[in-house]
Amino acid sequence: MLSCREIPDIASDYINREGSRRTRMMMSLHLAQCKDCRTYVRGLKITRSLISESIREPVADELLQKLGLTNPDRDGSFKEPNE
Ligand SMILES: [Zn+2]
């Protein structure tokens, strides 16, 4: 069984539907019985969608740092090609 401390490590994989099937299943099981982690994952999802909408705003970086999240995909590939 996963502990709450392991959730942040695998939450982004879970949201991105990456990671092993087993890990995601264990995550689902944990979320089914842990309200705190459900809230955490929901917050993470909302944050991600906000960030992808406002990716050019510098506040996104601040927000990530505040939440203790990093963005390893940050390689510039999100830019519009026709800009
Ligand atoms: Zn938990």
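This is a predicted model: local features need pLDDT of at least 70, side-chain atom pairs count only at pLDDT 80 or more; totals for chains, interfaces and linings use all residues.
A residue counts as buried here if 20 or more other C-beta atoms, placed from the backbone, lie within 10 Å of its own; 12 or fewer makes it exposed, and anything in between partly exposed. Residues are numbered from 1 along each chain as its sequence is written.

**Overall layout**
- The protein chain has four helices and zero strands (DSSP runs: H or I of at least four residues for helices, E of at least two for strands, numbered from the N terminus).

**The core**
- Seven residues form the largest nonpolar core: Ile7, Ala11, Tyr14, Met27, Leu31, Cys37 and Val41 (a core being buried Ala, Val, Leu, Ile, Met, Phe, Trp, Tyr and Cys residues joined through C-beta atoms within 7 Å).
- Helices H1 (7–15), H2 (21–33) and H3 (35–53) each give two or more residues to this core, and H1 gives the most, with three.
- Leaving out residues up to four places away in sequence, Tyr14 touches Gly19, Arg24, Met27 and Val41 (contact means C-beta atoms, placed from the backbone, within 7 Å).

**Where H1 meets H2**
- On the H1 side, Ile7, Ile10, Asp13 and Tyr14 meet Thr23, Arg24, Met27 and His30 of H2.

Definitions and conventions: Two residues are in contact if their C-beta atoms, placed from the backbone, lie within 7 Å.
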